[in-house]
Amino acid sequence: MADYTKPLPRIDDNTDADSRAFWDAAGEHRLVMQRCTQCGHIRWPIGPVCTQCLTEEFEWQTLSGRGELHSWVNFHQPFHPEWAKEAPYNVALVKLEEGPIFLSNMVECEDSELAVGAAVEVAWEDATEQISIPKFRLLQD
Ligand SMILES: [Zn+2]
């Protein structure tokens, strides 16, 4: 855990409340998103209003953490020096059961095992004592 050197979200007094709620839940290994209390839309990324009905009202919903691999690419050119040692690495789009498409990485598998539509589940990467990052693994069986 102490060896984590990649960029991390900054969580401090300047962090907005919505981002803080997301990262606080992630620290407890819960994937949460804003659910519109007017129309039920699960909105991602975090935002001040519902993208479907424009209301500001929402509640945090804990998601299942399951979905399917929507697409992925392999980055051969790292976009940050701290990722260079892992290149090439995959960058994946996961379509969550609840609807949103989430940008992450597939872990605990070889890229050759990846297939569009494969069932996946969240796999938490504990970067620090405070910060856990949602990655995804292939769901077996
Ligand atoms: Zn709405």
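Mentor: Strands here are DSSP E runs of at least two residues, helices are H or I runs of at least four, both numbered from the N terminus, and two strands pair if DSSP finds at least two bridges between them. Keep in mind that this is a predicted model: local features need pLDDT of at least 70, side-chain atom pairs count only at pLDDT 80 or more, and totals for chains, interfaces and linings use all residues. Residues are numbered from 1 along each chain as its sequence is written.

S1 (residues 32-36) runs antiparallel to S3, and five bridges join them. Within that pair, Met33 stands opposite Gln61 in S3.

Met33 also takes us to the inside: it belongs to the largest nonpolar core, which has 11 residues, including Leu31, Leu63, Val94 and Phe136. Such a core is a set of buried Ala, Val, Leu, Ile, Met, Phe, Trp, Tyr and Cys residues joined through C-beta atoms within 7 Å. Buried is 20 or more other C-beta atoms within 10 Å of a residue's own, exposed is 12 or fewer, and partly exposed is in between, with C-beta atoms placed from the backbone. S5 (89-96) and S7 (119-126) each supply at least two of the core residues, and S5 gives the most, with three.

Look at Val94 next. Skipping neighbours within four places in sequence, Val94 has contacts (C-beta atoms, placed from the backbone, within 7 Å) that include Leu69, Ile101, Val120 and Phe136. Ile101 turns up again in the strand pairing, opposite Lys95. S5 and S6 (residues 101-104) pair antiparallel over four bridges; their hairpin has four residues between the strands, and Gly99 there takes a positive phi near 120°.

Glu129 counts as exposed because it has 9 C-beta neighbours inside 10 Å. Its C-alpha atom is separated by 8.0 Å from that of Gly27, 102 residues apart along the chain.

Zooming out, the protein has one helix and eight strands. Of its 141 residues, 14% count as buried.

Terms used:
Contact = placed C-beta atoms within 7 Å.
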